[in-house]
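The sequence and the structure are shown first.

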Amino acid sequence: MSKSQHIIVDPITRIEGHLRVEAVIDENNVITDAYASSTMFRGIETILKGRDPRDAGLLAMRICGVCTGTHYQRSIEAVENAFDITIPKNARLVRNLIQGALYIHDHVVHFYHLHGLDWVDLVDALKGDPKKAQEESFNWSRTPYGVSESELIQVKERLAKFVKQGRLGIFSNAYWGSKAYKLTPEQNLIATAHYLQALDLQRDAAKLMAIFGGKMPHPQSLVVGGVTCVQDIQNPARIALFKTLLKKFTHFIKTAYLPDLAMAGVKYVDEALDGTGAGLKNFMSYGDFKLDDTGFYNAKNLFPSGVVLNGDLSKLHPFDQSKVAEDVTHAWYDASGPQHPYDGTTNPNYTGLEKKDDGYAYLKTKEKYSWIKSPIYDDHRVEVGPLARMVVGVAAGDERITKYVTNFLALLGDKLGLGKPAPTAALFSTVGRTAARAIETELMADVMIEWVDELAANVASGDLSTWTEFDFDKVSKDAKGYGLAEAPRGGLGHWVKIKDGKIENYQAVVPSTWNAAPRDYKDRMGAYEAALIGTKVADVSQPIEILKTVHSFDPCIACAVHIVDTKGKELSKFKVS
Ligand code: NFE
Ligand code: MG
């Protein structure tokens with residue numbers, strides 16, 4: 001019998017929410033089995049029942065404080081879809097700009113403040129020589145961002161104070177010094193400088209969202225039929241402020257984020273080429289960011305919709321919402337089988353995590369072990385998110401996406417001295433998932449400038465319309481609709497059924513639900529679980545490899561569960577090592 005060991009990481013930090021990962025490793029420290037569990041329950045779908053559908057967005061956005069505006073918009077779109085309302089051009093562009101600002105904010109925060117520390121050893125940066133680090137930065141950017149020798153000396157002094165005083169706070173138990181870190185001290189110093197600078201920039205990103213959203217988090221300017229920021233779009237000062245902040249942020253993306261990503265991509269390229277963390281290789285995008293006003297699901301999208309199976313980019317399967325289902329065989333709910341969201345139920349049935357004699361929670365595949373349901377598309381487990389959007393975009397032959405992906409692979413190939421672009425297959429990996437997010441960020445920042453100019457030109461042409469008038473007393477009181485589009489972490493769908501003018505049923509199937517889900521009724525793994533299989537853990541006491549792969553999806557567990565155990569039951573023990 002082979003000797004296996006369990007590694008439990010609970011809680012996984014540098015994510016939103018409560019997530020526990022249990023991995024089984026063989027005698028060679030290779031992960032052979034994995035279980036992702038959400039240990040927190042919330043109940044927003046249930047709260048929505050019986051409400052006026054025009055209020056749904058304001059409640060649904062409380063699912064999350066991160067992609068808050070996305071739930072708000074999706075919910076409003078589900079109601080617009082039910083009532084067959086097409087929003088005016090100005091409203092479409094304003095919604096795109098609010099969502100686009102969320103993408104670039106979220107992705108930069110993810111790279112530097114959440115996931116980056118799996119690649120960058122902050123403490124090792126103290127060994128970095130500022131002069132050499134400045135020289136090093138020119139290998140990755142012609143105009144490096146904020147890393148002159150004098151700036152780096154200050155960064156080092158600031159960091160040294162934190163470390164000396166033991167003020168690393170939430171990072172004090174991180175795996176600093178692990179052999180899994182591959183950047184040089186100078187490269188670590190560059191990335192640490194950008195970590196600190198990106199903290200400041202977060203303010204600008206939040207302002208960007210609030211200019212047309214009213215506030216952030218939880219914007220207020222969307223209503224069924226359009227948007228309410230009527231005066232803002234006519235105010236040249238607001239438009240100018242949006243452009244100034246966007247350009248400032250774009251500058252950081254191009255001269256810090258992308259160069260740092262290329263630097264890490266080169267250092268960790270082996271993990272990309274050997275496909276570490278590839279996982280399901282089934283990718284799905286609902287499509288998003290409407291580029292014209294031809295109506296709800298007719299418009300051309302910036303991100304095309306579709307499904308790619310088994311990593312086969314030569315075949316794009318059209319997306320069909322009727323093929324989405326949620327299964328609860330291994331989730332703490334009761335249901336009789338996979339359910340389409342229109343008829344989906346949320347009936348909690350907490351059965352606990354089964355404990356083994358040695359004290360580990362032992363999760364047999366027959367058991368329930370998470371508050372996250374298991375979404376299924378056309379009887380496939382799929383991954384959603386930036387990588388899925390880039391993969392589907394390339395498979396769809398989308399020119400813009402293909403250009404950005406090709407540019408990045410060419411840059412990586414060049415830095416690696418391959419004499420040709422890095423292979424597309426390198427994207428099917430943990431490193432690739434992280435690269436896809438950066439590629440998407442640059443694309444988004446570039447296209448947003450086009451949209452804000454389009455908005456200003458449309459208003460200047462005399463079109464001031466922001467709302468498609470509809471009379472609630474005249475629309476059908478029995479209707480159903482769905483809002484399907486892309487949140488930063490992947491495909492987000494809200495489905496609403498309306499009866500006698502009130503919400504009869506409401507279901508949200510969320511990006512982190514797709515990715516962080518447990519096994520399904522056929523015992524097939526969710527995306528995080530599948531991505532962990534085959535990874536070698538170098539040091540069992542510092543399982544940074546597990547963090548890396550899970551973080552590459554940017555988990556948001558508040559979103560995934562959207563349901564809080566108020567009885568104060570102990571769901572799991574924190575094991576701090
Ligand atoms: Ni709570 Fe979200 C995004 C949505 S998560 S952050 O992006 O919807 O899965
Ligand atoms: Mg749900």
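Setting aside residues up to four places away in sequence, Cys556 touches Glu16, Gly17, Cys64, Val66, Cys67, Arg489 and Ser512; two residues are in contact when their C-beta atoms, placed from the backbone, lie within 7 Å. The model is predicted, so local features need pLDDT of at least 70 and side-chain atom pairs count only at pLDDT 80 or more, while totals for chains, interfaces and linings use all residues. Residues are numbered from 1 along each chain as its sequence is written, and chains are lettered from A and ligands numbered from 1 in the order in which they are written.

**Annotated positions**

The unreviewed UniProt entry lists Cys64, Cys67 and Cys556 under "binding site". These three residues span 493 residues in sequence, yet no two of their C-alpha atoms are more than 9.1 Å apart, so they gather at one spot. UniProt positions are given in the numbering used here, with feature names shortened, and annotations may be inferred rather than shown by experiment.

Cys556 is located in the loop between α16 (544–551) and α17 (557–561), and Cys67 in the loop between α2 (56–60) and α3 (68–83). Helices are DSSP runs (H or I, at least four residues), numbered from the N terminus. Beyond neighbours within four places in sequence, Cys67 is in contact with Leu102, Ala487, Pro488, Arg489, Cys556 and Cys559.

The annotation "binding site" in the unreviewed UniProt entry also covers Glu45 and His562. Of these, Glu45 is part of helix α1 (residues 44–48).

**Burial**

A residue is buried if 20 or more other C-beta atoms lie within 10 Å of its own, exposed if 12 or fewer, and partly exposed in between, with C-beta atoms placed from the backbone.

| Residue | Other C-beta atoms within 10 Å | Class |
|---|---|---|
| Glu45 | 22 | buried |
| Cys67 | 28 | buried |
| Cys556 | 27 | buried |
| Thr535 | 21 | buried |

Thr535 occupies the loop between α15 (527–532) and α16. The C-alpha atoms of Thr535 and Val30 are separated by 5.5 Å, although the two residues are 505 residues apart along the chain. Neighbours within four places aside, the contacts of Thr535 are Ile31, Thr276, Gly277, Glu545 and Thr549.

**Helix packing**

Helix α12 (residues 399–416) and helix α13 (residues 430–460) have axes that come within 10 Å and cross at roughly 125°. That angle makes α12 oblique to α13. Axes are lines fitted to C-alpha atoms, for helices over the stretch in contact, and angles run from 0 to 180 degrees between N-to-C directions. Angles under 35 degrees count as roughly parallel, over 145 as roughly antiparallel, 65 to 115 as roughly perpendicular and the rest as oblique. Arg400, Ile401, Tyr404, Val405 and Phe408 in α12 meet Ala435, Ile439, Glu442 and Leu443 in α13. By class, the residues of this contact are seven nonpolar, no polar and two charged. Ala, Val, Leu, Ile, Met, Phe, Trp, Tyr, Cys and Pro count as nonpolar, Asp, Glu, Lys and Arg as charged, and the others, Gly among them, as polar.

Helix α5 (residues 130–137) packs with helix α7 (residues 185–213) at an angle of about 80°, with their axes 9 Å apart. The two helices, α5 and α7, are therefore roughly perpendicular to each other. In this contact, Lys132, Ala133, Glu136 and Ser137 of α5 meet Glu186, Gln187, Leu189 and Ile190 of α7. The contact of α5 with α7 has three nonpolar, two polar and three charged residues.
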